[in-house]
Amino acid sequence: MSTVTKKAWSGTVTDEEQPKPPYRVGVALALVSFLWIGPYLGVQAVLLPSKVAVIAPSSKESVIAILSTSAMIVAALANIVFGALSDLTRSRWGRRTPWIVFGSIACAVMLIVVNMANTVVLLVLAWCIYQLFLNAIVAPSIAILSDMTAPRNRGVITSIYALGYSIGLYGGQIIGAQFLNKVTAGFIVMALLTLIAGPVGALGMREQSSLDMPKSRFDMHMVIDHFSFPVHHARDYYLALCGKFLIVSANFAISGYQLYILTDYMKQDSSQTSRLVSMISLCLMVTAIVMSAVAGPIADRIQRRKLPVVIASLFIAVGAFIPFLDNHPWTMIAYGVIGGIGMGTYNAVDQALNIEVLPNPDSAAKDLGILNLANTGGQVLGPVLSATLISAFGYQAIFPASTVCALGGAVLVGLIKSVK
């Protein structure tokens, strides 16, 4: 009597091995992305600025810039380290799952600590540690797209992932806006949402054991391969990285200062600001969800990744420029609609583009983690850029700068040669 030996997990899936899209993996990734980015953006865009305004009301813009800069430095290191560690992990639960679970628990704890901080120094320290652990979720979960999705199915699965990402991106701000006058309760809710990201991901993805995968010998060659930036066949990789960095910076230059734009530039009171934050976030979310649902499958059908990303960047640029024309709230709502179309399209296709420019599939999590530096870095640089411009020229300077960043990102992505 013969027995069938189960094939050891190789870390990748071919088109022949996966004739149909792995929808279960897509849904799990969508839930994980919602459960980390929703709380992160709800805190960063609403609860953290509100807390800073209480701790340091006379220097709130500068404190936000310090928080953003320090977080960017921590995230830059954490993305590489946790990506590389997950590439090297061998466990019965797979390479990525243990880190996602660990990260979700640690982040939940640190959100409570951030809420308890009562000085600028403690707030910066707690926020940096939170950013450190956040990347234990982000880098490994993004690598699942490369590990468990065949090339032919990446547009569809990336679209499903982008749905969860988009709902979290803007829904988190809507949730956060409900706690504008109850900041502590808001932090607790965000911590609980983050806490369940790991278990939800583990149950949904059901990653295969990595125990039988080849183990890397610990030597200098291994360290260079897994803990450094790629240097071979990486031209398009770095064009994608720099393009992403500019596009994300364009978006977060506005969203990172949305609260102050409404209160200080558009002169709205607390109740009006809460209503407008919810309205703008809803516009961004609805348009992003619609475009996330359709852009990925269309990209698969036309077999294009680069063109949809370039078009998305142009929408972001147009949406970002509108508030420059008038300081009335309708311009921010228009930004929400047009920018949401752009961000929805971008999120649906960008990760598929990123996977296709990877120099080495064996270090996918590390290299995707570095690419995600552009995402995290853009979320951080955007507010830093805004703080600098506000100090020098006033709030109105944010919008043309954001437009230029989006256009620059479109140009860099357009220069990619290996992907259509």
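1. Are D147 and R96 buried or exposed? D147 is buried, and R96 is buried too. Buried here means under 20% relative accessible area, exposed means over 50%, and partly exposed lies in between (1.4 Å probe, protein chains only).

2. A word on the basis. This is a predicted model, in which local features need pLDDT of at least 70 and side-chain atom pairs count only at pLDDT 80 or more, while totals for chains, interfaces and linings use all residues. Residues are numbered from 1 along each chain as its sequence is written, and side-chain values use heavy atoms, with hydrogens and water left out.

3. Salt bridges come next. The rule asks for a side-chain nitrogen of Lys or Arg within 4 Å of a carboxyl oxygen of Asp or Glu. By this rule there are five salt bridges.

4. D147 and R96 form one of them, at 2.7 Å from N to O. D147 sits in helix α4 (residues 120-148) and R96 in the loop between α2 and α3, so the pair ties together parts 51 residues apart in sequence. Helices are DSSP runs (H or I, at least four residues), numbered from the N terminus. A salt-bridge network links R95, R96 and D147.

5. D264 pairs with K60; their closest N and O atoms are 3.8 Å apart. D264 belongs to helix α10 (residues 258-265) and K60 to helix α2 (residues 60-88), so this bridge joins parts 204 residues apart in sequence. D264 is partly exposed, at 25% relative accessible area. K60 counts as buried, at 16%.

6. D350 and K244 also meet in a salt bridge, 2.4 Å from N to O. The pair links distant parts of the chain: D350 is in helix α13 and K244 in helix α9, 106 residues apart. D350 and K244 are both buried.

7. How do those two helices pack? Helix α9 (residues 235-255) and helix α13 (residues 329-356) meet at an angle of about 155°, with axes 11 Å apart. Axes are lines fitted to C-alpha atoms over the stretch in contact, and angles run from 0 to 180 degrees between N-to-C directions. α9 and α13 are therefore roughly antiparallel, a label for angles over 145 degrees.

8. The surface carries a nonpolar patch, with about 750 Å² of accessible area together; I105, V109 and L192 are among its residues. Patch residues have over 30% relative accessible area and no salt bridge, and nonpolar side chains are joined within 5 Å. Areas come from the Shrake-Rupley method with a 1.4 Å probe. α3 (97-116) and α6 (183-195) each supply at least two residues. The largest share, five residues, comes from α3. V109 lies in α3 and is partly exposed, at 47%.

Conventions: Patch = residues over 30% accessible without salt bridge, like charges linked within 9 Å, V, L, I, M, F, W, Y side chains within 5 Å. Parallel < 35°, antiparallel > 145°, perpendicular 65-115°, else oblique.
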